[in-house]
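These are my notebook entries on a structure that is new to me. I set down what I looked up, topic by topic.

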Amino acid sequence: MAFEPIYDTAVFDTFRKLGTGQAVVEARLLPRPETRIAKVLSTSSSVGISAAEAFSGEARYSGRVNFKVLFETTEGTAEELDYNADFSDKVEASGVGASTKTVFAANILDMDIIAAEEDVIKLAAVVEVTLYGSTREDIKYLARGGDGVYTHEDRVGCSALASETDETFIVSDTLEIGPDSEILGAESRVFTYKRSAEDDSVTLSGEAVVDITLKGGDGAISCKSVVIPVEQQCRADGARENDAVTGGLKLKDCAVTVSGEEGERVAEIELTLKAECMSFRTLEILPAVDVFCLENELLPTVQSIAVGCPKGDVTLESTIEGSVSIEDKLPLADTVIGTFGSRVNISAAVAEAGRVRVEGMLGTNIVYFSAERGSSNTVYAQVPFSLMLAANVEEGDTVGAQAGVKDVSVKIRRGNELGIRADIVISLSVIAEETQIVITELKLGEARAPRQAAISVHIASSGETVWDAAKALGITPEEVMRQNPDVSMPCTGGERLKAFRRITR
């Protein structure tokens, strides 16, 4: 026979989670020289990754943590401190190479007050950094075996990186404030709700939420929120409709200034946002995963390939409810001033058939006023949650999850109990991962001794195919179907498959 195996080459991009790392970032916040700190009312922090570089076995990155502290002075007024702490670290992972295109996701796991004195507040935040990466793969595989060699192919889904987007832009809005109001600080976050690819462009839609803390002329603290719709069409060379888009909008900076004359003062809000995403196109290859020959032994060389195909990021909304009790040593609550430093930590995101189970913890600082003592006080609330969310996922998919708090409302149920309701936004990054064995090389072995039996019988197992039966009986797949016309494939189990041969002596 003519033994001429035919090979093909698959070039695709594997996108997957490569590893995680943690970094501890510390900050030392100093009030104005003439100010003395009496009580810390709330603390908050946010993190962003600004630059990264990949090497063999590791990816190095630079980031920044923004710390905010709302405190009460010894004179009974409220002020806020704001500080940016830069840091750098690395994530070690065996799948990283110099050509890996890296994507980092970061969140604050925990934050503690190390020290709080009259003239300094020391904070420490634990940052968790998750590394995702896109790596170009180049695999030669057996496509056909040539005359007399039967091959069994299997469809393998893979992806090609179609485009990358890294674009910075600005959105703005205004908020009317009272004539005597002073801005103490602002907390901002951005959510991506929709991601879509078109020809050479990607559109990201979402909204930015800015919470502004105000101090009135009487010294009372209040909070106001501004919601800014965002829709940005970004250049993405190579993108096409129906590509899967992963990534989204990120917040780089928030600036709030006051303008206007007396009686008509407004807070001018300017947010610097970054559109950072990739689009992937679905491909399909048809490699031979098994071979056999009636006349000769075959010597295949196989290779295991791991394929990670992004399904595209999806954003879902949900609500968390819970309660917190005020400790006996604290005064009862009469008025809720606001919530500060709200965040959601995701501890687990597990794909099931058509849904994702997300578990985590909501944390928020609740600042309230006690008429009995005429003072502001703080309760830190933690609410654990477990949610089942409908999503386009299958069991075995890898799911990365990040979440943010869109809004929190607090009600006084009784003097010592506060009810919490939080609207949260969860972004899921879904990757279909598959490991497939493919034949990369095929050599011809020794001649087979012809079978001497005039008839062979094979008892099929459940799920067996024509291919399985042909290998077991030593005949071609076409002969299996011709000689067993009453058997339906795949087998349910227990079928008696026969092979008749003409024996010459």
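**Aromatic pairs.** I searched the whole structure for aromatic pairs and found six. For this I paired rings of Phe, Tyr and Trp (its six-membered ring) with centres within 6.5 Å, calling planes under 30 degrees apart stacked, over 60 edge-to-face and the rest tilted. Phenylalanine 15 and tyrosine 132 are stacked, because their ring centres lie 6.1 Å apart and their planes meet at 10°. I then looked up where the two sit: phenylalanine 15 is in strand E1 (residues 6-29) and tyrosine 132 in strand E6 (residues 121-144), so distant parts of the chain, 117 residues apart, are linked. Helices (H or I, at least four residues) and strands (E, at least two) are DSSP runs, numbered from the N terminus. Both phenylalanine 15 and tyrosine 132 are buried; buried stands for under 20% relative accessible area, exposed for over 50%, and partly exposed for values in between (1.4 Å probe, protein chains only).

I noted the basis of these values as well: the model is predicted, local features need pLDDT of at least 70, side-chain atom pairs count only at pLDDT 80 or more, and totals for chains, interfaces and linings use all residues. Residues are numbered from 1 along each chain as its sequence is written, and side-chain values use heavy atoms, with hydrogens and water left out.

The next pair I examined was tyrosine 150 with phenylalanine 292, which is stacked because the ring centres are 5.6 Å apart and the planes stand at 20°. Tyrosine 150 belongs to strand E7 (residues 149-153) and phenylalanine 292 to strand E14 (residues 288-293), so this pair ties together parts 142 residues apart in sequence. Tyrosine 150 is partly exposed, at a relative accessible area of 25%, whereas phenylalanine 292 is buried, at 6%. I also recorded one aromatic cluster formed by Phe15, Tyr132 and Phe280.

**Charges over rings.** Here I required NZ of Lys or CZ of Arg within 6 Å of the ring centre and within 35 degrees of the ring normal. Arginine 60 has its charged end over the ring of phenylalanine 55, 4.4 Å from the centre. Lysine 140 places its charged end over the ring of tyrosine 7, 4.5 Å from the centre.

**Nonpolar cores.** Which residues touch the most other members of the largest nonpolar core? They are Val358, Leu362, Ile420 and Leu428, in a core of 32 residues. I took a core to be a set of buried Ala, Val, Leu, Ile, Met, Phe, Trp, Tyr and Cys residues joined through side-chain atoms within 4.5 Å. Several strands each supply at least two residues of this core, among them E15 (296-325), E17 (355-370) and E19 (398-414). Strand E20 gives the most, with seven residues. I listed contacts (heavy atoms within 4.5 Å) of leucine 428 beyond four places in sequence; they include Val314, Leu316, Val356, Val358 and Val399. A second, separate core has 30 residues, including Ile37, Ala93, Ile108 and Leu123.

**Salt bridges.** I counted 32 salt bridges, each a side-chain nitrogen of Lys or Arg within 4 Å of a carboxyl oxygen of Asp or Glu. In one of them, the closest N and O atoms of lysine 406 and glutamate 317 are 3.6 Å apart. Lysine 406 is in strand E19 and glutamate 317 in strand E15, so the bridge ties together parts 89 residues apart in sequence. Lysine 406 is partly exposed, at 24% relative accessibility.

Glutamate 352 bridges to arginine 357, with closest N and O atoms 3.8 Å apart. Glutamate 352 is partly exposed at 24%, and arginine 357 is partly exposed at 25%.

Arginine 482 and glutamate 479 meet at 2.9 Å, N to O. They are separated by about one helical turn, because they stand three residues apart in helix H2 (residues 477-483). Arginine 482 is exposed, at 55%, while glutamate 479 is partly exposed, at 24%.

**Lysine 68.** Is lysine 68 buried or exposed? At 11% relative accessibility, lysine 68 counts as buried, and it lies in strand E3 (residues 58-73). Its side chain makes polar contacts with the side chains of asparagine 66, at 3.5 Å, and aspartate 82, at 2.4 Å. A polar contact is a pair of N or O atoms within 3.5 Å; within protein, one must be able to donate a hydrogen and the other to accept it, and residues adjacent in sequence count only if both atoms are side-chain atoms. Beyond four places in sequence, lysine 68 is in contact with residues including Ser42, Thr43, Glu80 and Glu187.
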